[in-house]
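Welcome! Please take a look at the structure shown below before reading on.

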Amino acid sequence: MDDKVTPKLLTAILSAGMLSFLGILDETATTVTFPTLIKEFAVTTDQVQWVNTLVLFVIATIVPISSQVSLRFSTKRIFLAGITFFVLGLVIDIFTPRFDLLLLGRAFQGIGTGIGLPLMYNIILTKVPKTHLGFMMGIGTMITAAAVALGPVFGGIVTELLNWRWIFIISIFLAIISAFTGTYSITQLNKLQKVSFKYGQWLTIAVGLVCLMLGFTNLAKNYFWSGQVAGCLLLGLASFLIWGKISWDDPTALISPRLFVNITFSM
């Protein structure tokens, strides 16, 4: 086996990583635009926070199904679907005159980011030789960490010199470049299989993650025993218990709760 990371493989990793990089970059960059968005769309502080919160919710619901999606569809098709959703979201964000359409565009960006993030790590774990695996995992982590660090500075400079919409205009050019490089470099990672989609497992995981995120998000503004906090947390925990029950003995589960428990108690 070739123990080198070829330029084509590196390009594939960076192309898939660009989706997660741009998703996180736009999320942190738009944080500094909140005062501008509040004035332009006449919304409240609580409402404008959904520009970023909604993206996190969408990512939380998309990532768990990545394993089954990768079994049913080709790797290149998954990548192009992620790029398509992300660019569609950017186009909506650039031209929208309404706040609700801005949220719709951000949701599409969340879908693209949720596809790109696990895809990048799947390429690394599947294609990179073991001798370089640790280094390339570090590169993958650095891609997302760099977006967190650069986002506020990038958003502040663009908003000050141009307009907040240029955050998405610049992102769309980078996404299109990534689409061309990824189409050339990304190859199939695994043999395709005809597997049935686990709708019940996906729904319980998605509800659990979203409710827990809502509960902890509302904790800063509401009492713990309020419905916005305790109610969401209890519903989230109940959803995870249901997921554990229906997935425990399923060898084809989206995420194996039995494996998770074994790893936790073995540490």
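This report walks through helix packing and then pockets.

This is a predicted model, in which local features need pLDDT of at least 70 and side-chain atom pairs count only at pLDDT 80 or more, while totals for chains, interfaces and linings use all residues. Residues are numbered from 1 along each chain as its sequence is written, and side-chain values use heavy atoms, with hydrogens and water left out.

**Helix H1 and its partners**

Let us start with H1 (residues 7–31) and H6 (residues 75–95), whose axes come within 10 Å and cross at roughly 25°. Helices here are DSSP runs of H or I with at least four residues, numbered from the N terminus. Axes are lines fitted to C-alpha atoms over the stretch in contact, with angles from 0 to 180 degrees between N-to-C directions. H1 and H6 are therefore roughly parallel to each other (an angle under 35 degrees; over 145 counts as roughly antiparallel). On the H1 side, the contact (heavy atoms within 4.5 Å) includes Ser15, Leu19 and Leu22, and on the H6 side Phe79, Ile83 and Phe86 are among the residues involved. By class, this contact of H1 with H6 has 7 nonpolar, 3 polar and 1 charged residues. Here Ala, Val, Leu, Ile, Met, Phe, Trp, Tyr, Cys and Pro count as nonpolar, Asp, Glu, Lys and Arg as charged, and the others, Gly among them, as polar.

H1 also packs with H9, at an angle of about 160° and with the axes 8 Å apart. That makes H1 roughly antiparallel to H9. Ser15, Met18 and Leu22 of H1 are among the residues in this contact, as are Phe168, Leu174 and Tyr184 of H9. The contact of H1 with H9 has 9 nonpolar, 8 polar and 2 charged residues.

**Two pockets**

A pocket is an open set of points on a 1 Å grid over the protein atoms alone, where a 1.4 Å probe fits, with protein on both sides within 12 Å along at least five of seven lines; lining residues have an atom within 4 Å of a point. A volume is the space filled by probe spheres set on the points, which are joined across faces, edges and corners.

| Pocket | Volume |
|---|---|
| Largest pocket | about 260 Å³ |
| Second largest pocket | about 160 Å³ |

The largest pocket is lined by 17 residues, with Ile62, Ile65, Val69, Ile78 and Ile115 nearest its centre. H7 (99–127) gives the largest share of that lining, 6 residues.

In the second largest pocket, 13 residues form the lining, and Leu14, Ser15, Gly17, Met18 and Ile143 lie nearest the centre.

Note on methods:
Helices (H or I, at least four residues) and strands (E, at least two) are DSSP runs, numbered from the N terminus. Angles under 35 degrees count as roughly parallel, over 145 as roughly antiparallel, 65 to 115 as roughly perpendicular and the rest as oblique.
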